[in-house]
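Open the model in your viewer and keep the selection panel at hand. The tour goes from one selection to the next.

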Amino acid sequence: MMKRCLLLVATALASGAMPGLAHADTRDTQDAAHRGAAVSAPPRVASAAGKGRSGAKAAEEISVVRQSVGGGRMTVQNGVRNRSEVTRDFIAKQSPTPNVFRLMASMPGANVASADPYGMVSGNITVRGMNSDQIGFTLEGAPLNDIGSYMAFPTEWVDSENLNQVTMQQGSANLDSPVIGASGGITTMSLIDPAETFGGTVAGSYGSYHTHREFVRLNSGLIGHSGVRAFVSWSHLEEPHFRGAGDDHKQHIDFKMLKEWDGGSRSSLVLTFDDSMKVAYLSPTLAQWQQLGRDANYAENYAPNSTSYWKLHQSPYRVIVMSAPQKIVISDHVGLDVTPYFYWNSGTIASASVLSERAVYAGTRRYAIDLNNNGVIGDRVLMYTPFGTPYVYRPGVVSKIHVDFGHHSLVFGDWYDWSRERMVNPYSMIGANGGPANVWGFQGNVTLPDGTRLASYDNLTVTQVNSLFFGDSYAALGDRLHLEAGIKETMVARTGYNYLPGAQYRSGTNAAVTTPNLGGRYRFDAHHQIFGGVATNFRTPTLNALYNTYSASTGAITTLANPGQKTEYSIEEEIGYRYQSDVLNGSVTFFNYNFTNRQVATQVVINNAQITQNINAGGQTSRGVDVELGTRPWHHVRPYVSAEYLNARIDSNYQVGADFLPTRGKQAVRSPNVQAAVGLDYDDGTYFAGVQVKYVGRQFSTFMNDQAMPGYVDADMNFGYRAPKLWRARPEFRLNLMNVGDNKYLSGPAGIAPSARATRGIYGTMIGATGTPTYYVAGGFAAIITASTGF
């Protein structure tokens, strides 16, 4: 499949169908208003460079609007839901390396846990206390969350130079959102449009720790008289670790082809391909952090039978995302939107185990095997035992039809998704250098006497999703009043096949969930409006609920299958006020959530690999307020402020054996009471600069609130210069500084636990500690300089 997708890109290049990159444009335009939340609005795309021009060709440009609000951190909003957005104006001034999580860090309610200076490591994000696996992510209509675990890996998605905008709807997903785990909202992304003239961009970056990055983008321009235009880009990034040994590197390709038809119809094809190799950073316990600080990491030198050597924690991954959004205007009152997509990935979460040859376990069965081939059975042998995903195949399609009549706009739609996800934890040899003989772990595996592969986790999961939705938007009083109502019925079926000896071969789960929503907005005049609504959300259990996991060295069950785990369900209410003028934009949003069967993601260590599992935390109530303020330029300066107060409380006691931990009333994990961001942007068209400061309060890492990480402050800065135009090129130079002051801090909980200390249960039993929380370590100070030019 990967070869076929690369062949597609090569063929398009050979036919001259590829497009280019960008430089800052200073046109004064206003951000278009969003539609409401019943159905997601079509993405707004930056104007193509060269449109409407005659004569000599100009350097490739992307619309970077210096008149936008808060330095590109806000846009005009008119929907029934709270939304936040960053635009090209902001994205183009950041370091070219950050992942999407880092670009969202200033949004109200967005709590980003970074794990390296540049964003090569995904880290984590929570929104209003809800983890990244509870937030849906889409790119050009294609879902990006893992279908089995709902985890999100933003380093794989898109190069920032090609990213047009990122929109986060904090409260709930839209009716047509292709997600089944997004009880915490939806984040949508779109790529820039290809330019209408041939051109491109070349950029190079070099920074701290000898990090370097290269980027090239080519625009085809309009291809003959077809009206088709396209771009393709390639980037390479090499990032040595800021703590410990190892380096991360990746190559990435983005491609987009576009045809705009008479009458407003629009067809596009998007492809992204990512090939990366990452070395894991250790997520330390609080005790390890307090003792060792940033030195708490995997070992730099090999030692016999030690699983902590850094080369045993290299994780390769390849990802392909394809999407083909089609907007078809049938008449002035009827339209059809169809978005087929395809997602594929293959990769490994590296780990190692020391095994006794006399007791090697595959599932529940014990074997005696000469693992090191020395003719003797009885040694203890270090083996490479990664959690691998040989493949995930995931095609799907979202189809919807719009019908407008009178004051109403109706939408009918369907989303269908089918996936096949293979996962295996095989055993293979360690190479002469102390690392694995093969980092993917799928070759040279140890086999049993019957020829089958020795593994402690070996399964296949097939998931089918079918979702039907209907919505109505009503506009009256010259659209001063806007009301929305919708309902969605989603059916999810998982079938699991467990190939381990002694394990149940087949299991499955089925869920059918109805999620209605209501919303409204009233605009008093051009400046003042109120909005609010009620929405329901759900999250079906992850595929881990279908399978036991086993220790490779003892055969003991590490985590127990729970196919009967209940679906998380939540009701969310919002009410807010917006003020929007030629100078100042602002909003205040009050929110309340009620959860049942709250699912909380945690990192657990299985065979020395950090694996994500889920805990049912029972009921939860979360309420708070989001504030966002930004201005248009005053003497080229645009300030921005966001803040959130959050009170998230557990409503249930947590069962341990026959007793319960007294967790009711405790603060929820990963839910700081207070966080705030302040940004300042200066841009006069030639020189630009910016600063962003974020404060995040204390976060608990246990349900019992008996362990927490302290709050922290982080600051980033940028400086840039746009040189005069030279022939067709206009060079730009940019300096980005991350973690100014080199603040040494924990950025967020990685693994959570019900309790970190012995606690007396509500029935009087003394319950021992149920786990040891771990934490992400924030990246150190880093500086990176970028030189780029369009042509």
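Select tyrosine 522. At 23% relative accessibility it is partly exposed, a class between buried (under 20% relative accessible area) and exposed (over 50%), with a 1.4 Å probe and protein chains only. This is a predicted model: local features need pLDDT of at least 70, side-chain atom pairs need pLDDT 80 or more, and totals for chains, interfaces and linings use all residues. Residues are numbered from 1 along each chain as its sequence is written, and side-chain values use heavy atoms, without hydrogens and water.

The rings of tyrosine 522 and phenylalanine 524 pair edge-to-face, 5.0 Å centre to centre with 85° between the planes. Rings of Phe, Tyr and Trp (its six-membered ring) pair with centres within 6.5 Å; planes under 30 degrees apart are stacked, over 60 edge-to-face, the rest tilted. The whole structure holds 20 aromatic pairs.

Next, select Phe101, Phe137 and Trp157. Ring pairs link them into a cluster.

Now pick arginine 578. It lies over the face of phenylalanine 531, 3.9 Å from the ring centre. Lysine 259 sits over tryptophan 261 at 4.9 Å. The test: NZ of Lys or CZ of Arg within 6 Å of the ring centre and within 35 degrees of the ring normal.

Finish with residues 163-169, strand β9, and 186-191, strand β10. They pair antiparallel over six bridges. Strands are DSSP E runs of at least two residues, numbered from the N terminus; pairing needs at least two DSSP bridges. Methionine 168 stands opposite threonine 187 in β10.

How values were computed:
Helix = DSSP H or I, 4+ residues; strand = E, 2+ residues; numbered from the N terminus.
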